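Me: I would like to go through this structure with you. Could we start once it is on screen?

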Amino acid sequence: MQLTARSPSCFSNKYILRHDGLVLGEFIGRWFSEGMDIRLTDRRRWRLERRGFLSGPFLLLNDLGETFGTAQHRSLFSRRWDLETSVGGCTLTPAGLFNSGYRLEQQGQPLAEVRQINHCEGGWSVTQSDPRLNVADLLLAGMIYHVILQRRRSAAAAG
């Protein structure tokens, strides 16, 4: 199972979500926050919100306020993220020293791999290797990776 997010152009902040090639919905980033609004094709609306100003966790919520997953950056100098998914606690870790992708792991076992599709558009892909993960888990991993990519672009622009 694979979830991808692709932008129609390099200058757009709108991304089309596809699950195994079928359109799942779209998401648009917010101007002054790291949160994102997600519209799914079956008229559901989800959002990725950050609780707290500098170090609060990210929550994947539906329009009723139900939480589908959480993510917390492990520490200031770490590149790891702790995620709470439908299968329990997981870690989003860098895939390697010279690899820009990340792996979703649970107790050292790989569950999924997240990688960047194209540098221009900022798109990403989540490839599932464990059948226990659901679409919300893949979406949470991808959205957190999107936040990581945004932070990298901001740091590069500032430096």
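Predicted model: local features only at pLDDT ≥ 70, side-chain atom pairs only at ≥ 80, totals over all residues.

Me: How many salt bridges are found in the whole structure?
Reply: The search finds 10 salt bridges, a salt bridge being a side-chain nitrogen of Lys or Arg within 4 Å of a carboxyl oxygen of Asp or Glu.

Me: Which residue forms a salt bridge with Glu26?
Reply: Lys14 does, with the closest N and O atoms 3.3 Å apart. The pair links distant parts of the chain, as Glu26 lies in strand E3 (residues 22-29) and Lys14 in strand E2 (residues 14-19), 12 residues apart. Strands (E, at least two residues) and helices (H or I, at least four) are DSSP runs, numbered from the N terminus.

Me: Is Glu26 buried or exposed?
Reply: Glu26 is buried, at a relative accessible area of 13%, whereas Lys14 is partly exposed at 30%. Buried means under 20% relative accessible area, exposed over 50%, and partly exposed in between (1.4 Å probe, protein chains only).

Me: Which residues are linked with Glu26 in a network?
Reply: Lys14, Glu26 and Arg39 are linked in a network of salt bridges.

Me: Why do they alternate?
Reply: In a regular strand, side chains alternate between the two faces of the sheet.

Me: How many bridges join E3 to E4?
Reply: Five bridges join these antiparallel strands, and Ile28 has Asp37 as its bridge partner in E4. Two strands pair if DSSP finds at least two bridges between them.

Me: And what joins E4 to E5?
Reply: E4 and strand E5 (residues 45-50) run antiparallel and are joined by four bridges, with Asp37 opposite Arg47 in E5. The two strands form a hairpin with four residues between them, and Arg43 in the turn has a positive phi of about 70°.

Me: Which residue forms a salt bridge with Arg47?
Reply: Glu49 does, at 2.5 Å between the closest N and O atoms. Arg47 is partly exposed at 22%, and Glu49 is buried at 19%.

Me: Changing topic, which residues touch the most other members of the largest nonpolar core?
Reply: Of its 38 residues, these are Phe27, Ile38, Leu83, Leu92, Leu104, Trp124 and Ile144. Helix H1 (residues 135-158) supplies the largest share of this core, 11 residues. A nonpolar core is a set of buried Ala, Val, Leu, Ile, Met, Phe, Trp, Tyr and Cys residues joined through side-chain atoms within 4.5 Å.

Me: What is Trp124 in contact with?
Reply: Leaving aside neighbours within four places in sequence, the contacts of Trp124 (heavy atoms within 4.5 Å) include Leu3, Leu17, Phe27, Ile117, Met143 and His146.

Me: Lastly, which residues lie nearest the centre of the largest pocket?
Reply: Asn13, Arg30, His146, Gln150 and Arg153 do, among 20 lining residues. H1 gives the most to this lining, with five residues. On a 1 Å grid over the protein atoms alone, a pocket is an open set of points where a 1.4 Å probe fits, with protein on both sides within 12 Å along at least five of seven lines; lining residues have an atom within 4 Å of a point.

Note on methods:
Residues numbered from 1 in each chain as written. Heavy atoms only, no water.
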